[in-house]
Structure formats: C-alpha cells, structure tokens
Amino acid sequence: MVKLTMIARVTDGLALAEGLEDGRDQNDADFYKHQAKDLFKSLSKGQNHPSRMSIETGPYVFHYIIEGHVCYLTMCDRSYPKKLAYQYLEDLKNEFERVNGNQIETAARPYAFIKFDTYIQKTKKLYLDTGTQRNLAKLNDELYEVHQIMTRNVQEVLGVGEKLDQVSQMSSRLTSESRVYAEKARDLNRQ
C-alpha cells in the first residue's frame, strides 16, 4: 500500500508537491517525511544517482524515479509490488509534467504545486488494492515484457555459445594446420 508520495526538484531539493496524509500515525509519517527530504537533499548534491531506485527503510521501501530534474518518490509497504509502485510513479510523472511541466524550473517556494495533491490522492486510490483488475493487467503486461527480455537474453547467450564453438573449432584447425606447416617447412629446409 502506498503510504507517502512526494515530488521534488533534484537541482536544489525543493519539495514541489506532496500527497497529504489522512493524519493517522502522525509521528511515523513525520519521521519518514524527514527521511524523504534528506534523500532529496542528497540527490541535489549533484552526485550521479540512478534514475530509478528502491531504498529499504524499516517496514517500508522508498521507490523513486528521476526524470527531467524532478524526483518522484513514494513510500510503500515492503510487500507492495515494486512494478506497481513504479507504474504509480510513472502515472504521477506523466500527469505532473503535462500539467506543470513549464513551471517546474521557475517554482520558488516549497510545495508550489500543492494542488496536485488531488491527482495524487485519486491515483493512490487506484493503486490501493494490488488485486484490482487494472493493476493485475499492468502486472501481467510487465511480466510478459520481462519474459520477452529473458527469452531474448537466453537466445543471445545461446548465440554467443555457438559463436564460441565456431571460434574454438577455427582455433583447433589453425593449430593443426600450423603444425603441418611447421613440419613441411622443416622438410623443405632439409632438402
């Protein structure tokens, strides 16, 4: 289940939007929000961070996507499917860029796009139940893509194996032919 969602600018760590919580377990929420803000600060230091990453923290996992100098972050239960979390972030990213894309770099105050919370809440409800038909279809699509990639990778490995066999055969032939050449060269020298 999605517990926390935040969007921040990577260049300076400025929080742009946040999915407001329902108020339950406020101490825990504040602790993890602080961790998310610390993560944004470390991302803003200019180090080369992966564009997608999952970070375990207590009973939860932070998942984030960085694209276009914006970090889209969510915190979910450990049991929540990773693919679904990233699909959720992709949906948020697409809508956020569509609605606020040209204003991201000029935002000067924290939570300048707080109105985006309504979209975050609607999307969070869609992803609330991992068993809904929509989410199952997305997971099945992802599994199919992974299966295709794995099939392609196995075929490439087999192709590489065949090529290695060919190279090995050519090497053996070359070795035996070089022995024959060496013997004939010795015979020629003797004559």
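Me: In what order do the elements of the protein chain run from the N terminus on?

Reply: This is a predicted model, in which local features need pLDDT of at least 70 and side-chain atom pairs count only at pLDDT 80 or more, whereas totals for chains, interfaces and linings use all residues. Residues are numbered from 1 along each chain as its sequence is written, and side-chain values use heavy atoms, with hydrogens and water left out. Helices (H or I, at least four residues) and strands (E, at least two) are DSSP runs, numbered from the N terminus. The protein chain has 4 helices and 5 strands, and from the N terminus its elements run β-β-α-β-β-β-α-α-α.

Me: What percentage of the residues in the protein chain is buried?

Reply: A residue is buried under 20% relative accessible area, exposed over 50%, and partly exposed in between, with a 1.4 Å probe and protein chains only. Of the 191 residues in the protein chain, the buried share is 33%.

Me: What percentage of the contacts with a separation of 6 or more joins residues 24 or more positions apart?

Reply: A contact means heavy atoms within 4.5 Å. Among the contacts of the protein chain with a separation of 6 or more, residues 24 or more positions apart account for 63%.

Me: Is helix α2 roughly parallel or roughly antiparallel to helix α3?

Reply: Helix α2 covers residues 82-100 and helix α3 covers residues 117-126; they pack at an angle of about 150 degrees, their axes 11 Å apart. Axes are lines fitted to C-alpha atoms, for helices over the stretch in contact, and angles between N-to-C directions run from 0 to 180 degrees. Angles under 35 degrees count as roughly parallel, over 145 as roughly antiparallel, 65 to 115 as roughly perpendicular and the rest as oblique. The angle therefore makes α2, relative to α3, roughly antiparallel.

Me: How many residues in the contact of α2 with α3 are charged?

Reply: The contact brings together Y88, D91, L92 and E95 of α2 with Y119, I120, T123 and K124 of α3. Ala, Val, Leu, Ile, Met, Phe, Trp, Tyr, Cys and Pro count as nonpolar, Asp, Glu, Lys and Arg as charged, and the others, Gly among them, as polar. The residues of this contact divide into 4 nonpolar and 1 polar, while the charged ones number 3.

Me: Is E95 buried or exposed?

Reply: E95 belongs to helix α2. Not counting residues up to four places away in sequence, E95 touches F116 and Y119. Its relative accessibility is 17%, so E95 counts as buried.

Me: Which residue does the side chain of T5 join through a polar contact of 2.7 Å?

Reply: T5 lies in strand β1, residues 2-9, and its relative accessible area is 0%, so T5 is buried. A polar contact is a pair of N or O atoms within 3.5 Å; within protein, one must be able to donate a hydrogen and the other to accept it, and residues adjacent in sequence count only if both atoms are side-chain atoms. At 2.7 Å, the side chain of T5 has such a contact with that of Y88.

Me: What distance separates the C-alpha atoms of F62 and T74?

Reply: F62 is placed in strand β4 and has a relative accessible area of 4%, so F62 is buried. Leaving aside neighbours within four places in sequence, F62 is in contact with residues including L4, Y32, M53 and T74. F62 and T74 are 12 residues apart in sequence, and their C-alpha distance is 5.7 Å.

Me: Which residues are in contact with K37, leaving aside its neighbours within four places in sequence?

Reply: K37 has its place in helix α1, residues 26-43. Its relative accessibility is 36%, so K37 counts as partly exposed. The C-alpha atoms of K37 and A8, 29 residues apart along the chain, are separated by 8.8 Å. Beyond those neighbours, K37 is in contact with M6 and Y111.

Me: What is the value of phi for Y111?

Reply: Y111 is found in the loop between α2 and α3. Its relative accessibility is 22%, so Y111 counts as partly exposed. Although Y111 is a residue other than glycine, its phi is positive, near 55 degrees.
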